[in-house]
Amino acid sequence: MKIYIILNDSVPYDTDLGLKKFKHLTQISHCFTNTSVISMLTGKMPSDLEEGGIGYHTQFENKTNGIVDYSWKDQLLISQLSKAGWDINFHNSAWFYLTICDDPFIKKSHSLPCKLDEEADFKAKKQYTKVLGSPEFYAKEKAFIEKIQSDKSKKNQFYFIKNCQYHQALIAKTDTNKAVDNIKQVLSYFNFDEPNTLFWIFSDHSDFTKIDKLCQAPSFLTDVYVRGNNYKINLFGNNRINIDEFNSIIKRENIHFTRIFFVEDARCDIDPLNSTTAVACKFNGSDELEQVSYFKPENKYYGFKYNLVSKKIFPCRPDSELAQAVKRRFSWIKL
Ligand SMILES: [Zn+2]
């Protein structure tokens with residue numbers, strides 16, 4: 001059995017990646033990579049794990065001998081799969097070892113022209129943008145994907161693969177359409193018919209340059225493309241999930257599909273250690289998403305309606321059901 005988790009960092013909601021024969025889900029994520037991936041791999045909201053939530057700098061307060069060492073790391077799906085005998089593989093994901101978990105069971109790889117332990121430093125160099133557009137990088141990606149897919153070992157394999165092209169295009173202010181093409185290029189190397197596999201291809205948040213302090217939609221709206229080959233996952237006919245439900249789906253636990261979805265976020269310029277914003281949202285029919293954002297520094301609720309067709313958002317009176325739901329969900333909301 002192989003599980004492939006492929007993260008397309010920052011790729012906006014409703015971007016066509018040309019994936020056919022996949023079930024398409026709308027996923028309510030969080031608003032930065034760490035919180036989204038942590039919720040995904042633990043089944044919890046950030047403030048269920050760390051009092052007050054997880055900010056951009058919370059990792060710095062949770063290190064042992066310079067290595068990230070969260071007290072809840074045993075709750076990560078990868079820790080549990082590793083204990084159950086799975087191989088855990090991460091590719092192009094140095095951020096994960098630096099900020100979420102760097103336990104020795106993780107097998108690391110990347111396709112950059114540098115040593116394994118230089119990945120994060122290389123990504124900070126100007127040269128990185130150029131490398132992500134180079135034929136050499138894609139030749140290495142192709143060889144890597146062919147190698148892992150042809151591996152016939154009996155051991156169960158978990159792969160987490162990060163596509164950074166869109167995220168990097170936003171940082172370097174280069175062409176995002178080209179970044180999407182490059183991601184499609186990587187995806188084209190996969191044989192999605194490989195037996196005994198689960199493919200889970202997703203984005204962790206929308207364009208991060210547009211995410212505001214109230215986390216207005218579509219900042220947390222993302223796409224998931226899921227496909228199981230001889231691997232049945234019961235999605236109960238739903239096509240919308242909260243990101244913390246992924247864990248339960250993989251563990252085949254019962255999911256209590258709420259029709260109210262939750263988001264938790266910490267804007268770094270406001271509070272680098274704690275959550276600043278919580279969102280409850282619901283879909284009104286197929287065209288509208290209604291959200292209530294609680295903004296902690298002002299101890300105040302804001303209401304918005306986002307039109308999924310026109311992709312425009314309008315302020316409105318905060319819906320009382322959503323306001324009550326977000327208050328019940330997060331103990332740090334005092335209003
Ligand atoms: Zn991200």
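Tutor: Begin with contact: two residues are in contact if their C-beta atoms, placed from the backbone, lie within 7 Å. Keep in mind that this is a predicted model. With that cut-off, what covers the buried residues of H7 includes helix H6 (127–131) and helix H9 (176–188).

Student: Which residues of H7 are buried?

Tutor: Phe137, Glu141 and Ile145. The general idea is that an α-helix has 3.6 residues a turn, so residues three or four places apart point the same way.

Student: Which exposed residues does the face turned away from the buried side of H7 carry?

Tutor: That face has Pro135, Glu136, Ala139, Ala143, Lys147 and Ser150.

Student: What span does H7 have from its first C-alpha to its last?

Tutor: H7 runs over residues 135–150, 16 residues in total, and reaches 22 Å. This is close to the 22 Å expected at 1.5 Å a residue.

Student: Which residues of H8 and H9 meet?

Tutor: From H8, Gln165, Tyr166, Ala169 and Leu170; from H9, Thr176, Ala179, Val180, Asn182 and Ile183.

Student: Now the backbone. What should I look for?

Tutor: Most residues other than glycine have a negative phi, and most peptide bonds are trans. Look for the exceptions.

Student: Which peptide bond is cis?

Tutor: The one from alanine 217 to proline 218, with omega near 10°. Proline 218 sits in the loop between strand S8 (197–202) and strand S9 (221–229).

Student: Where is asparagine 65 found, and is its phi positive or negative?

Tutor: Asparagine 65 is in the loop between strand S3 (63–64) and strand S4 (67–68). Its phi is positive, about 50°, although asparagine 65 is not a glycine. Asparagine 65 is exposed, with 5 other C-beta atoms within 10 Å.

Student: What is phi of asparagine 230?

Tutor: Near 55°, a positive value in a residue other than glycine. Asparagine 230 belongs to the loop between S9 and strand S10 (240–242). Asparagine 230 counts as exposed because 10 other C-beta atoms lie within 10 Å, and the cut-off for exposed is 12 or fewer.

Key. Residues are numbered from 1 along each chain as its sequence is written. This is a predicted model: local features need pLDDT of at least 70, side-chain atom pairs count only at pLDDT 80 or more; totals for chains, interfaces and linings use all residues. Helices (H or I, at least four residues) and strands (E, at least two) are DSSP runs, numbered from the N terminus. The expected span of a helix is 1.5 Å times one less than its number of residues. A residue is buried if 20 or more other C-beta atoms lie within 10 Å of its own, exposed if 12 or fewer, and partly exposed in between; C-beta atoms are placed from the backbone.
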